Amino acid sequence: MDIIGEEHAGYERVLPTISGASNHRIFKVSNGVLLLKSVVISSGKVADSGGAVFVLFSGRAVLDQSIFTGNAAKSGGALAAIDDSTLD
């Protein structure tokens, strides 16, 4: 899955925000690829790992020019990867 915000070279760049509303994980990637580019990922919250993005079973998350803010988890507040997974 690719999620790409607005791309331009202006002085006032407003990135789109994806929120977990402080009560759930935003993305779970399993055996696939997630591309997040030019977005804000905020307020993901879980009791285990990866409040915003949790990658497992050889999944891959590619993060480009994105902002993570206000995410919480017991392990890997915003990001967590297990089982031969990768974060780029």
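Student: In which loop is Ser22 found?

Tutor: Ser22 is found in the loop between strand E2 (17-19) and E3. Keep in mind that this is a predicted model.

Student: Why is Ser22 called partly exposed?

Tutor: The relative accessibility of Ser22 is 43%. Buried means under 20% and exposed means over 50%, with partly exposed in between, so at 43% Ser22 counts as partly exposed.

Student: How do you know whether Phe57 is buried, partly exposed or exposed?

Tutor: The relative accessible area of Phe57 is 44%. That value is between the cut-offs of 20% and 50%, so Phe57 is partly exposed.

Student: And Ser49: what makes it count as buried or exposed?

Tutor: Ser49 has 18% relative accessibility. The limit for buried is under 20%, therefore Ser49 counts as buried. Ser49 has its place in the loop between strand E5 (40-42) and E6.

Student: Which residues does Ser49 touch, not counting residues up to four places away in sequence?

Tutor: Ser49 touches Arg25, Phe54, Ala73, Ser75 and Ala80. A touch here means heavy atoms within 4.5 Å.

Student: Turning to the strands, how many helices and strands are there in the chain?

Tutor: The chain has zero helices and 10 strands. Read from the N terminus on, its elements are β-β-β-β-β-β-β-β-β-β.

Student: Which strands form the open sheet of four, and in what order?

Tutor: The order is E1-E4-E7-E10, with parallel pairing.

Student: Why are E1 and E10 said to stand at the edges?

Tutor: Strand E1 (2-4) and strand E10 (86-87) each have a single partner strand, so one side of each is left without a neighbour in the sheet.

Student: How do you know that E1 and E4 are paired?

Tutor: Pairing requires at least two bridges. E1 and strand E4 (residues 33-37) have three bridges, in the parallel sense, so the pair meets the criterion. Ile3 stands opposite Leu36 in E4, and Ile4 stands opposite Lys37 in E4.

Student: How many bridges are there between E4 and E7?

Tutor: E4 and E7 pair over five bridges, in the parallel sense. Within this pair, Leu34 stands opposite Ala61 in E7.

Student: What is the order of the open sheet of three strands?

Tutor: The order is E3-E6-E9, and the pairing is parallel. E3 and strand E9 (79-81) are the edge strands, each pairing on one side only. From one strand to the next, the twist averages 10 degrees.

Student: What makes E3 and E6, and E6 and E9, count as pairs?

Tutor: E3 and strand E6 (residues 53-56) pair over four bridges, while three bridges join E6 to E9.

Student: What makes up the largest nonpolar core?

Tutor: The core has 12 residues, including Phe27, Val29, Leu34, Val53 and Ala61. E3, E4 and E6 each supply at least two of its residues. Membership requires buried nonpolar residues joined through side-chain atoms within 4.5 Å.

Student: Which residues is Val29 in contact with, leaving aside neighbours within four places in sequence?

Tutor: Val29 is in contact with Leu34, Phe54, Val55, Leu56, Gly59 and Arg60.

Student: How do you know whether the chain agrees with a compact globule?

Tutor: For 88 residues, a compact globule would have a radius of gyration near 12 Å; the chain has 13 Å, which agrees. The C-alpha trace spans about 40 × 25 × 15 Å along its principal axes. Of the 88 residues, 36% count as buried.

Student: What part of the contacts with a separation of 6 or more comes from residues 24 or more positions apart?

Tutor: Such residues account for 72% of those contacts in the chain.

Conventions
Residues are numbered from 1 along each chain as its sequence is written. This is a predicted model: local features need pLDDT of at least 70, side-chain atom pairs count only at pLDDT 80 or more; totals for chains, interfaces and linings use all residues. Side-chain values use heavy atoms; hydrogens and water are left out. Buried means under 20% relative accessible area, exposed over 50%, partly exposed in between (1.4 Å probe, protein chains only). Axes are lines fitted to C-alpha atoms, for helices over the stretch in contact, and angles run from 0 to 180 degrees between N-to-C directions. The radius of gyration is taken over C-alpha atoms; the globule rule is 2.2 Å times the number of residues to the power 0.38.
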